[in-house]
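This briefing concerns the fold shown below.

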Amino acid sequence: MSTANPLAAGKKRIIFCDFDGTITVNDNIVAIIQHFNPPGWEAIAQQVLDQQISIQEGVGRMFRLLPASLQAEVVDFGISNVRIRDGFEELLAYCKEQDIEFYVTSGGIDFFVYPVLERFGIDTSHIYCNGSDFTGEFIEITWPHPCDEHCTNHCGMCKTTIMRRFPADRYERIIIGDSVTDFEGAKLADVVYSRSHLTAKCSELGIAHTEFETFHDIIADLKRERK
Ligand SMILES: [Mg+2]
Ligand SMILES: [Zn+2]
């Protein structure tokens, strides 16, 4: 059994941060679908909640209900709807100062995730999310980051697949998230910052976690951990 401090062991700190409901206060996919309200979306959403279909299948099918001709309206709504959680800019500054790598691992979609994060100077090479194609009759979601052979959840954007590229013997892996889709990542992580459903799930299944409400809470805890 090792009691080595990850810092003493020379591990690099790396943060994997969720987008919807974490960086943002609200859930953007739900907001977009609710706003445009295409007939049939509620039944699909219910099937996802009941775990009859995967998140990937559910999101794909819901967006396929929206005509691609609505592109400008959907993109505008997606971006303008976003509200950023307090302390996000400060967390990015702290990571830069402390040489902590910061990655966004999001089940959201490029057309709202990229423009919102661009304002904060986050390069797209540090953002993992799903893609979109407006060239057909309906909006098609694309999946450039699928599950590897270790994951069978049909995540769409697979957070654990990304995390496994940063091995535990070289990185102190920190995850920030709010929902059950962050849970598999939380099991892999050294440090978990949670809110909402992720807190409940971690409590229920005995995964160590620290609750947060704003990113100021996380900065304060990261500073404590460094001592
Ligand atoms: Mg989320
Ligand atoms: Zn997966």
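The points below treat the sheet, its crossovers and the helices in turn.

The model is predicted. Its 7 strands form an open sheet with mixed pairing, in the order E4-E3-E2-E1-E5-E6-E7. Strand E4 (140-142) and E7 stand at the edges with a single partner strand each, so one side of each has no neighbour in the sheet.

**Strand E6 and its partners**

- Strand E6, residues 191-194, is covered on both faces: Val191 and Tyr193 are buried on one side, and Val192 and Ser194 are buried on the other.
- Strand E5 (residues 171-177) pairs with E6 in the parallel sense, over 4 bridges.
- Within this pairing, Ile175 stands opposite Val192 of E6, and Ile174 has Val191 of E6 as its bridge partner.
- Strand E7 (residues 210-211) also pairs with E6 in the parallel sense, here over 2 bridges.
- Ser194 has Glu211 in E7 as its bridge partner; Ser194 is also among the buried residues of E6.

**Crossovers**

- What is the handedness of the β-α-β crossover from E5 to E6? The chain passes through helix H9 (residues 183-188), and the crossover is right-handed.
- From E6 to E7 the chain runs through helix H10 (residues 196-205), and this β-α-β crossover is right-handed.
- Helix H10 packs on the sheet, where it touches E5, E6 and E7. The direction of H10 makes about 130 degrees with that of E6.

**Helix H7**

- Helix H7 (residues 110-118) lies across strand E2 (101-109) and strand E3 (127-133), and runs at about 135 degrees to E3.
- Which residues of H7 are buried? They are Phe111, Phe112, Val113, Val116 and Leu117.
- The cover over these buried residues includes both strands, E2 and E3, together with helix H1 (19-23), helix H2 (28-36) and helix H5 (71-80).

**Helix H4**

- In helix H4, residues 55-63, the buried residues are Gln56, Gly58, Val59, Met62 and Phe63.
- Why do these residues lie on the same side of H4? They cover an arc of only 170 degrees around the axis, which places them on the same side of the helix.
- The buried residues of H4 pack against H2, helix H3 (41-49) and E4. Strand E4 is one of the edge strands of the sheet.

Terms used: Residues are numbered from 1 along each chain as its sequence is written. Chains are lettered from A and ligands numbered from 1 in the order in which they are written. This is a predicted model: local features need pLDDT of at least 70, side-chain atom pairs count only at pLDDT 80 or more; totals for chains, interfaces and linings use all residues. A residue is buried if 20 or more other C-beta atoms lie within 10 Å of its own, exposed if 12 or fewer, and partly exposed in between; C-beta atoms are placed from the backbone. Two strands pair if DSSP finds at least two bridges between them. A crossover is right-handed if, with the strands pointing away from the viewer, the path from the first strand over the helix to the second runs clockwise. Two residues are in contact if their C-beta atoms, placed from the backbone, lie within 7 Å. Axes are lines fitted to C-alpha atoms, for helices over the stretch in contact, and angles run from 0 to 180 degrees between N-to-C directions. The arc is that of the directions from the helix axis to the C-beta atoms.
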